[in-house]
Amino acid sequence: MLDFELARQRILAEVKPLAREFVSVDEADGRVLSEDLRSSVDLPPFDYSAMDGYALRAADFGGTGPWQLPVSAEQRAGGSGLALAAGTAARIFTGAPLPDGADSVVMQEDAERAGSDVTFRVAPKRGQHVRRRGEDLASGAIALGRGTRLNPFRLGLAAALDCATLPVTRRPRVALLCTGDELRDAGSAARPGSIPDSNGPSLAALARRAGADVRRLPRTGDDLAETRKALQSALAECDVLLTVGGVSVGDHDVVKAALAAEGVNIDFWKVKIKPGKPLAFGKRESAFVLGLPGNPVSAQLTLCLFGLPLLRALQGDNAAVPRAVEVKLASAIAQKPGRLGFYRARLVDGVAVVHENQASGAPTSMAQADLLVMIPEDSGGAAAGATVSALRLDDL
Ligand code: AMP
Ligand code: MG
């Protein structure tokens, strides 16, 4: 049995980022930059007024006030090419380029307009309410580094830098195969002993969130020939094959045998974690294969801990692996040493409250959790009030 970190490293060590493609800035949310985004313009692109008011030269405010100046021109947002005559003010609006010669803006609330003149009681500080060309980012600077996952804020910056398309790593293609004689679609007619396939929708959604294109394959029963057939076509056309269920040691667990028969090199198939011990990892040519256990919590957890980092690494994401946070425990956790334990917990007033049902087949524990509290494999647990490491479900 492999240690958690070692197992994850074994997977990530095999990864080379996928090919680059260009996508429109409107379509790039959640994608990962395949190269540094260097600014080819100054941001802002020209000096402009941050206020509605009057553009001036600070040097015109000698001696003591008040100062009365004629309003010689007007500049609105979108205008350009204006010069300010010495000893005059220009009416100006937010976003308008500063007229040549002007160096300061007084907001209109601090000005008294009478006819074609304007009076100021306080002298402006040179440069006030002026946003300087390049003050946010200079041309040539790196705006966003390669490996950055784009989000709405980063897309806003890219568009401000005049980028219409962005170089990103292509999405990994994921094929998802759920196995088990007992499974049927949620909402379909129940037969005795059957249960809805809850992993299919959940795991597909997780993989999509991590940026994958997910194809759900028709489910297979616990039959070797049927499973092999499903694997054949999937393996040929995906970057990552996820199988669910049938990877343990029961008489009807045919997935491992089917994978091996289809030429998948199984690297490991057990990890020292709880839940989620029976997790198979292998490769066939460039395709990665993760054989996830069928128990819903185990399936979700192993996909989050191993599969999503893999999907992110394939996209060149430089934050492929989630970082742990520290939390205080509301009550004690007892553990039989031997495997790294992941305990589902809610965050209540900043304290981790561990869910009462930690069974690996209990989907409520994940659905109602905010955190996975981690208890090291050699530990017998943690006391109430102890500070422990945890992963935030939102970060997975
Ligand atoms: P297995 O890994 O195939 O031994 O399955 C372990 C447990 O998970 C069994 O109780 C299965 O019924 C359940 N299970 C397997 N696959 C799914 C699925 N797709 N949705 C919900 N439960 C599942
Ligand atoms: Mg099964």
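Two strands are taken as paired if DSSP finds at least two bridges between them. The model shown in every view is predicted.

**View 1. Strand S24 and its parallel partner, S19.** Strand S19 (residues 273-274) runs parallel to strand S24 (residues 340-348), and 2 bridges connect them. Within this pairing, isoleucine 273 lies opposite leucine 340 of S24.

**View 2. The antiparallel partners of S24.** With strand S26 (residues 371-375), S24 forms 5 bridges in the antiparallel sense. Here alanine 345 has leucine 371 of S26 as its bridge partner. Strand S25 (residues 351-354) is also antiparallel to S24, through 4 bridges, and valine 353 of S25 faces arginine 346. The hairpin of S24 and S25 has 2 residues between the strands, and its aspartate 349 adopts a positive phi near 50°.

**View 3. The surroundings of ligand 1.** The ligand is surrounded by 14 residues, the closest being Glu182, Asp197, Asn199, Gly246 and Gly294. This shell comprises 5 nonpolar, 6 polar and 3 charged residues. A side-chain N or O atom of aspartate 197 is 2.9 Å from a nitrogen atom of ligand 1, while a backbone N or O atom of asparagine 199 is 3.3 Å from a ligand nitrogen. A polar backbone atom of glycine 294 lies 2.9 Å from an oxygen atom of ligand 1. Of the 490 Å² that ligand 1 exposes when taken alone, the protein buries 77%.

View 4. Aspartate 162, which follows H2, has a positive phi near 75°.

Methods:
Residues numbered from 1 in each chain as written. Chains lettered and ligands numbered in written order. Predicted model: local features only at pLDDT ≥ 70, side-chain atom pairs only at ≥ 80, totals over all residues. Heavy atoms only, no water. Near = heavy atom within 4 Å. Polar contact = N/O pair within 3.5 Å; in protein donor to acceptor, adjacent residues only side chain to side chain. Areas by Shrake-Rupley, 256 points an atom, 1.4 Å probe, with all protein chains shown as cover. Nonpolar A, V, L, I, M, F, W, Y, C, P; charged D, E, K, R; others polar.
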